[in-house]
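Let's take a walk through this one together. Keep the viewer open and follow along.

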Amino acid sequence: MSILVLVDGWNPAPWVHALKAAMPDERIEAYPDIKDPEAVEYALVWAAQGETLATFPNLKALFSLGAGVDHLFGGNTLPPVPLARVVDPDLTAWMTEWVVAQVLLHHRQQLQYSQQQRRRNWQVLAQPLAREVQIGLMGLGELGRDSAGLLHKLGFGLRGWSRTPKELDNVTCFHGADGLDEFLSGTDILVCLLPLTPETKGLIGASVFEKLHRSGPLGGSVFINAGRGRIHVETDVVAALQSGVLKAASLDVFEVEPLPKESPLWDLDNIIITPHVAAVSDPKTLSQLIARQVGAHRDGRSLEHLVDMTRGY
C-alpha cells in the first residue's frame, strides 16, 4: 500500500520528505513516479486533475493541501471517495496575523503616513478609536472565527456574514442574500475570508463596494481579501479605488496569479499587495496531521474536516 503526493505546480520533494518522517512505515510516492497505481490508497493533492486521480482505482481518501478546496473543483470530476481539508492551527494563526495586520495598517492610516513620509510632510492625522470602527467579516468558518477573536480583543466592533445562519460571541451576525445589504451598510472595513464556490465567484464587486459605510470614522471604506481572488471583480476594485468609492484595499489573492505586471493595481497608491502569502501550507506540520488522519481512518474511524462535495467547501 502507498500514499501519493500529487501537487500540480508545487515541488513535491518537501512533501515526500516530510511524509516519510511522519509515516516511516508507509511507502510515499510522488506523481508521476508510481510503481503500482493499484496500491495507492491515499492521495495528498493540490490542483490535481480528476482524470489523473481516476487512474488509482483503490483510493480511499483525498487530502487537500490548503485552506481551500476550490483548486479541485471547477469542472473536475473527482473519484467517489471522501475529501478532507487539512485544518492546521499554524495556518489559521498566520491568516489571522495577516488579517489583523492589514486592519491595523488601515485603521492607523499607515498608507497616508507613508505617502507623507515620501513627501517629507510632518502632519498628524485624526485617529478614531478601535471601538468606533466596524469590521465586517465575510466568511465565518475556522479562519473568520479566529480573526474575529483577536480583532475583538483589540476593541473593534465586529459584524459577520455567512451563507447560512451562524452565531459567534461578540459578533453581530447576518446571513444569506436578505442579510447582505444590512451587513454591508454598517461595515467600515470589509474582510473576505470566503471559500470560492459557484455562488461566491464574482460576489464582491461594484454593487458591494457602493453599499459599504463610506461616511464612517476612517473617512471611507476599506476592502481586504485573503480568501480567493476570483471572489472579487478586479476591474471593479480598481475603479472603486480610483473613484474613491473605496478609500483603500489590501489584497493577497487575485483573479490571475502571479498578478500580471500590466495590472493597474500595481500603480495605485491606496492599496497593499502581497503575493498570496497570508497563510502558507507547511509540509512538516501538515504531514503530521495527515499521518494522524490516515492512522485513524485505517482503524475504522471517520476522517475529520470532510468537504461537502455538493457545496464545494
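What follows goes from the overall shape to the cores, and then to some local backbone details.

A bit of housekeeping: this is a predicted model, so local features need pLDDT of at least 70 and side-chain atom pairs count only at pLDDT 80 or more, while totals for chains, interfaces and linings use all residues. Residues are numbered from 1 along each chain as its sequence is written, and side-chain values use heavy atoms, with hydrogens and water left out.

Start with the whole chain. It has nine helices and twelve strands; these are DSSP runs numbered from the N terminus, with helices being H or I of at least four residues and strands being E of at least two. Because a compact globule of 313 residues would have a radius of gyration near 20 Å, the chain's 21 Å agrees with that expectation. Here the radius is taken over C-alpha atoms, and the globule rule is 2.2 Å times the number of residues to the power 0.38. The C-alpha trace spans about 65 × 40 × 35 Å along its principal axes.

Now for how the chain packs. Of its 313 residues, 52% are buried, where buried means under 20% relative accessible area, exposed over 50%, and partly exposed in between (1.4 Å probe, protein chains only). Take the contacts (heavy atoms within 4.5 Å) with a separation of 6 or more: residues 24 or more positions apart account for 64% of them.

Which residues touch the most other members of the largest nonpolar core? They are Met95, Val103, Ile135, Leu151, Ile189, Val191 and Leu193, in a core of 30 residues. A nonpolar core here is a set of buried Ala, Val, Leu, Ile, Met, Phe, Trp, Tyr and Cys residues joined through side-chain atoms within 4.5 Å. Helix H3 (89-107), strand E6 (134-138), helix H5 (142-153), strand E9 (189-192) and strand E10 (222-225) each supply at least two residues of this core. H3 gives the largest share, six residues. Click on Leu193 and, leaving aside neighbours within four places in sequence, you'll find contacts that include Met95, Val99, Leu137, Leu143 and Ala226. There is also a second, separate core of 29 residues, with Phe183, Leu241, Leu246 and Leu251 among them.

Next, look at helix H1 (residues 13-22). Its buried residues are Trp15, Val16, Ala18 and Leu19. An α-helix has 3.6 residues a turn, so residues three or four places apart point the same way. The buried residues of H1 pack against strand E1 (2-7), strand E2 (27-30), strand E3 (40-46) and helix H9 (283-298).

Loops deserve a look too. Thr187 sits in the loop between helix H6 (176-185) and E9, and it counts as buried because its relative accessibility is 0%. Beyond its neighbours within four places in sequence, Thr187 is in contact with Gln134, Gly136, Arg159, Leu212 and His213.

Most residues other than glycine have a negative phi, and most peptide bonds are trans. Tyr31 and Pro32 are joined by a cis peptide bond with omega about 10°, and Pro32 is in the loop between E2 and E3. The bond from Glu257 to Pro258 is cis as well, with omega near -5°; Pro258 lies in the loop between strand E11 (248-251) and strand E12 (271-273). As for phi, Gln109 has a positive value near 60°, and Gln109 is buried, with a relative accessible area of 9%. His276 also has a positive phi, near 55°, but His276 counts as partly exposed at 32% relative accessibility.
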